[in-house]
Amino acid sequence: IINGTDISKVSDKELLQIRRKELAMVFQNFGLLPHRTVLHNIAFGLELRGVKREERERKAMESMQLVGLKGYENQMVGELSGGMQQRVGIAAAMLLNPKILMADEPTSALDPISTSKIEDLAMELKKDYTIVMVTHNMQQAVRVSDNTAFFLLGEVVEYNDTEKLFSIPSDKRTEDYITGRFG
């Protein structure tokens with residue numbers, strides 16, 4: 001439910017409008033064009049929306065600043081580390097000025113240091129954005145999330161304040177997963 005609208009019950013056209021105005025994705029595999037520069041990758045969403053070059057580059061530079069990419073605008077994304085590529089993906093999503101950032105396993109392909117930096121960035125960004133993060137990393141959920149939903153086979157098993165869910169899970173399946181007895 002976004003702004004009171006159950007998006008599972010809207011037409012394809014209405015869903016597209018909601019996605020364009022309300023949501024932006026941060027993909028697990030970065031979703032970048034490796035043969036293009038950082039600046040082009042970040043500004044690409046605005047290019048598709050017909051925003052003039054000067055404006056989209058200005059906005060891309062602002063977004064780069066927010067995620068710690070200042071000075072990387074002319075670097076080819078294929079030459080960056082995984083953590084830096086994920087920052088490019090986050091900057092590109094933020095540039096679309098969404099209300100909600102949807103992050104699908106945003107750190108699964110990263111080393112521990114890059115993962116920590118992306119988690120720190122998420123902690124900072126959640127002051128201004130609603131972030132929905134899909135993760136199998138329980139420590140990450142505890143560190144980054146205010147609320148957690150535990151899913152099993154596509155069904156919400158439990159939803160609660162993160163601290164409560166992890167300290168006193170109300171469902172045995174959640175407890176088994178948290179303690180490693182699941183499977």
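Me: Before we begin, two strands pair if DSSP finds at least two bridges between them, and helices (H or I, at least four residues) and strands (E, at least two) are DSSP runs numbered from the N terminus. With that in mind, which residue is the bridge partner of Leu-23 in β2?

Reply: This is a predicted model, in which local features need pLDDT of at least 70 and side-chain atom pairs count only at pLDDT 80 or more, while totals for chains, interfaces and linings use all residues. Residues are numbered from 1 along each chain as its sequence is written, and side-chain values use heavy atoms, with hydrogens and water left out. Strand β2 covers residues 100-104 and runs parallel to β1, to which 4 bridges join it. Within β2, the partner of Leu-23 is Ile-100.

Me: Which strands are the edge strands of the open sheet?

Reply: The open sheet has 3 strands in the order β1-β2-β3, and their pairing is parallel. An edge strand here pairs on one side only, which holds for β1 and for β3 (130-134), and the edge strands are therefore β1 and β3.

Me: At about what angle to β1 does helix α4 run?

Reply: Axes are lines fitted to C-alpha atoms, for helices over the stretch in contact (heavy atoms within 4.5 Å), and angles run from 0 to 180 degrees between N-to-C directions. Helix α4, made of residues 82-95, lies across β1 and β2, and its angle to β1 is about 175°.

Me: Is Met-25 buried, partly exposed or exposed?

Reply: Met-25 has its place in strand β1, residues 23-26, and, leaving aside neighbours within four places in sequence, it is in contact with Ala-93, Met-102 and Asp-104. Buried means under 20% relative accessible area, exposed means over 50%, and partly exposed lies in between (1.4 Å probe, protein chains only). Because its relative accessibility is 36%, Met-25 counts as partly exposed.

Me: Why does Thr-115 count as buried?

Reply: Thr-115 is found in helix α5, residues 112-125, and, not counting residues up to four places away in sequence, it touches Thr-107, Leu-110 and Gln-140. Thr-115 counts as buried because its relative accessibility is 12%.

Me: With the side chain of which residue does the side chain of His-40 make a polar contact?

Reply: His-40 lies in helix α2, residues 38-48, and counts as buried at 19% relative accessibility. A polar contact is a pair of N or O atoms within 3.5 Å; within protein, one must be able to donate a hydrogen and the other to accept it, and residues adjacent in sequence count only if both atoms are side-chain atoms. At 3.4 Å, the side chain of His-40 makes such a contact with that of Arg-36.
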